[in-house]
Amino acid sequence: MAPWQAGLLVPEPDPLKILGALERHRVRFILIGAAAARISGAPVVTEDIDVTPATDKANLERLAAALKELRARLRSPSDTSGVPFPLDAGMLRTADMWTLTTSARDLDICFTPSGTRGYRDLRREALRTRVGPGISVSVASLRDVIRSKEAAGRDKDPAQLPLLRRT
């Protein structure tokens, strides 16, 4: 997002705002991806937050409420403010992956990350970790982050895998 939008300075990205909103709404989720690896001590950088939520209807309703609070919109390369879409539990379940922009920073929601079977699979090794003042979240194990990145086969993953394995 550009530093100036509609003549107003946009605040710096704040990942804790996203995680705090998810926690306030009691969304059951696992923090995954590079953010989870970073919390485990890996020297990686990320531009977004990736989460895997539980898929039961009540949890998806809480997730939709948190996304509304964060003013989530579909991420679009042609529109940095994002594209509006219906934020409800039914809509969230229509795709396995959502790439969103929020009032805080980009957020990717992936119900079944590559190489995993989703929330129930990831929660077995996830650790509850304090990530900020009054904010504790379930963080995927480094082993699960590596497993997912190996299975994803994206161009950016091979560069991170040696760092993750050394960590």
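Which elements do the buried residues of helix 6 pack against? They pack against helix 2 (33-39), helix 5 (119-123) and helix 7.

The model is predicted: local features need pLDDT of at least 70, side-chain atom pairs count only at pLDDT 80 or more, and totals for chains, interfaces and linings use all residues. Residues are numbered from 1 along each chain as its sequence is written, and side-chain values use heavy atoms, with hydrogens and water left out.

**View 1. The whole chain.** The chain has 7 helices and 10 strands; helices (H or I, at least four residues) and strands (E, at least two) are DSSP runs, numbered from the N terminus. The radius of gyration is 15 Å, close to the 15 Å that the globule rule gives for 167 residues, so the chain is as compact as a globular protein of that length. This radius is taken over C-alpha atoms, and the rule is 2.2 Å times the number of residues to the power 0.38. Along the principal axes, the C-alpha atoms fill a box of roughly 45 × 35 × 35 Å. Of the 167 residues, 44% count as buried (under 20% relative accessible area; exposed is over 50% and partly exposed in between, with a 1.4 Å probe and protein chains only). Among contacts (heavy atoms within 4.5 Å) with a separation of 6 or more, 61% join residues 24 or more positions apart.

**View 2. Helix 6 and helix 7.** Helix 6 (residues 142-152) and helix 7 (residues 157-166) pack at an angle of about 155 degrees, with their axes 10 Å apart. Axes are lines fitted to C-alpha atoms, for helices over the stretch in contact, and angles run from 0 to 180 degrees between N-to-C directions. The two helices are therefore roughly antiparallel to each other (angles over 145 degrees; under 35 count as roughly parallel, 65 to 115 as roughly perpendicular and the rest as oblique). Helix 6 passes helix 7 in a left-handed crossing, in which the near helix is turned anticlockwise from the far one by less than a right angle; clockwise is right-handed. Helix 6 contributes Leu-142, Val-145, Ile-146, Lys-149, Glu-150 and Ala-152 to the contact, and helix 7 contributes Asp-157, Gln-160, Leu-161, Leu-164 and Arg-165. By class, these residues divide into 6 nonpolar, 1 polar and 4 charged. Ala, Val, Leu, Ile, Met, Phe, Trp, Tyr, Cys and Pro count as nonpolar, Asp, Glu, Lys and Arg as charged, and the others, Gly among them, as polar.

**View 3. The buried residues of helix 6.** Leu-142, Asp-144, Val-145, Ile-146, Ser-148 and Lys-149 are the buried residues of helix 6. Asp-144 has a relative accessible area of 5%. Beyond its neighbours within four places in sequence, Asp-144 is in contact with Leu-122 and Glu-125. Just after helix 6, Gly-153 takes a positive phi of about 65 degrees.

**View 4. Helix 1 and helix 3.** Helix 1 (residues 15-24) and helix 3 (residues 57-69) pack at an angle of about 140 degrees, and their axes are 9 Å apart. That makes helix 1 oblique to helix 3. Their crossing is right-handed. Ala-21, Leu-22 and Arg-24 in helix 1 meet Leu-63, Ala-66 and Glu-69 in helix 3. This contact has 4 nonpolar, no polar and 2 charged residues.

**View 5. Ala-65 in helix 3.** Ala-65, found in helix 3, is partly exposed, with a relative accessible area of 29%. The C-alpha atoms of Ala-65 and Ile-146 are separated by 31 Å, and the two residues are 81 residues apart along the chain.
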